[in-house]
Amino acid sequence: MPARKLVPALALVALALTACGGGPDGAGGEPAQQPGGGVSAGVPDTAALLAKITKDEQLNAALPAATKQAGTLRVGSYLQSAPNNFYAADGKTPVGYEVDLAKAIGAKLGLTVAHEDMAFSSLITSLQSGRIDLTMAAMNDTPERQQQIDFVDYFTSGITIMVRKSNPDGVNGPETLCGKAVAVVQGTSHQKFATEQSEQCKQGGKPEVTVTATDSDTQNQNQLRTGRVAAVLNDLPSAVYISKTAGEGQFFEVIPGEPINGGPYGIGVNKGNAELAQSVQKALQALVSDGSYNEILRAWGVEQGAVGEVKLNGGS
């Protein structure tokens with residue numbers, strides 16, 4: 001395995017700004033928690049869908065010998081990021097569209113999947129040290145990260161605008177944010193985009209965007225509900241999930257349109273394990289081709305981010 005690398009502080013800042021998540025560095029939003037630590041709603045029953053996926057003998061035969069012998073894919077994730085990956089109401093069971101995709105890939109390869117919950121910042125080093133086989137945590141595939149690990153791209157995300165139900169402030173796109181207050185999470189690409197949009201408004205002779213940066217999606221949702229801001233910027237899957245579950249879908253809605261500054265999420269694979277990367281790519285492409293992939297995304301309401309072709313290191 002490659003030696004553990006220490007990333008300079010400035011490089012970490014650059015990585016954070018290139019990610020698209022409301023959580024840390026592209027990890028998505030925060031689910032509404034119950035007292036027991038579980039998530040209160042929004043978990044579709046995908047068991048029957050996953051049960052239909054069968055082992056591909058050729059793909060299984062092409063696996064690296066060590067992976068085939070182990071019979072398990074150890075997937076590192078940041079399990080606090082609905083609807084990507086989070087805990088069910090029992091506070092123990094991983095759920096999410098990424099969790100389902102990981103299980104589907106495992107089933108196609110003839111492997112079981114074991115999730116390991118860890119800090120987002122430790123995912124790459126855990127992969128490099130061999131603690132895990134893959135990462136799957138709404139991590140953006142970027143040129144900077146490609147210098148450390150390889151990616152199998154499985155989803156296209158980007159910044160989405162969330163507003164109050166019925167859109168009382170008339171926000172229809174980035175250009176209509178001029179003169180309005182917008183909430184973002186501190187240190188994310190959402191904050192960077194909002195600041196850039198404010199400058200564009202100013203240059204066009206329009207009022208600037210008032211950018212409110214907080215520590216969490218929950219704070220931003222509260223500000224939007226009470227009308228202190230006109231919009232919240234978040235990743236596509238997180239915004240869709242929040243709009244469907246908060247207040248049983250009565251609080252918020254997502255502005256239609258293509259994600260802003262869209263880019264791929266990638267499954268991370270160690271650069272010394274090209275065989276596994278190719279196996280995962282082929283398994284996921286098979287799921288795309290037979291429709292299972294799209295069924296999983298539709299079940300979670302995030303089909304807008306579907307890919308038609310599974311690429312290796314497609315981020316640029």
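Six aromatic pairs are present in this structure, where rings of Phe, Tyr and Trp, the last by its six-membered ring, pair if their centres lie within 6.5 Å; planes under 30 degrees apart count as stacked, over 60 as edge-to-face and the rest as tilted. Before I describe them, let me state the basis. This is a predicted model, in which local features need pLDDT of at least 70 and side-chain atom pairs count only at pLDDT 80 or more, while totals for chains, interfaces and linings use all residues. Residues are numbered from 1 along each chain as its sequence is written, and side-chain values use heavy atoms, with hydrogens and water left out.

I return to the aromatic pairs. A pair of aromatic rings is described by the distance of the centres and the angle of the planes. For Phe86 and Trp300 the centres are 6.1 Å apart and the planes stand at 85°, so this pair is edge-to-face. Phe86 belongs to strand 2 and Trp300 to helix 12, so that the pair links distant parts of the chain, 214 residues apart. Helices (H or I, at least four residues) and strands (E, at least two) are DSSP runs here, numbered from the N terminus. Phe86 and Trp300 are both buried; buried means under 20% relative accessible area, exposed over 50%, and partly exposed in between, with a 1.4 Å probe and protein chains only.

A second pair is formed by Tyr97 and Phe155, with ring centres 5.0 Å apart and planes at 35°, so it is tilted. Since Tyr97 lies in helix 5 and Phe155 in strand 6 (residues 149-164), the pair ties together parts that are 58 residues apart in sequence. Tyr97 and Phe155 are likewise buried. Ring pairs also join Tyr97, Tyr154, Phe155 and Tyr265 into a cluster.

One further ring deserves mention. The charged end of Arg225 sits over the ring of Phe251, at 3.7 Å from its centre; the criterion is NZ of Lys or CZ of Arg within 6 Å of the ring centre and within 35 degrees of the ring normal.

Tyr97 brings us to helix 5. This helix, residues 97-109, has 13 residues and reaches 18 Å from its first C-alpha to its last, close to the 18 Å expected at 1.5 Å a residue; the expected span is 1.5 Å times one less than the number of residues. How much of helix 5 is buried? Eleven of its 13 residues are, so the helix is largely enclosed by the rest of the structure. Among them are Glu98, Asp100 and Lys108. Just after helix 5, Gly110 takes a positive phi of about 80°.

Next, the backbone. Most residues other than glycine have a negative phi, and most peptide bonds are trans. Ala138, however, has a phi near 50°. Ala138 is placed in the loop between strand 5 (134-135) and helix 7 (143-146), and counts as buried at 0% relative accessibility. Asn313 also has a positive phi, of about 50°. Asn313 lies in the segment after helix 12 (292-300) and is partly exposed, with a relative accessible area of 27%. The peptide bond from Ala82 to Pro83 is cis, with omega near 0°. Pro83 is found in the loop between strand 1 (72-77) and strand 2 (86-87).

Finally, the chain as a whole. The protein chain has twelve helices and eleven strands. Of its 316 residues, 52% count as buried.
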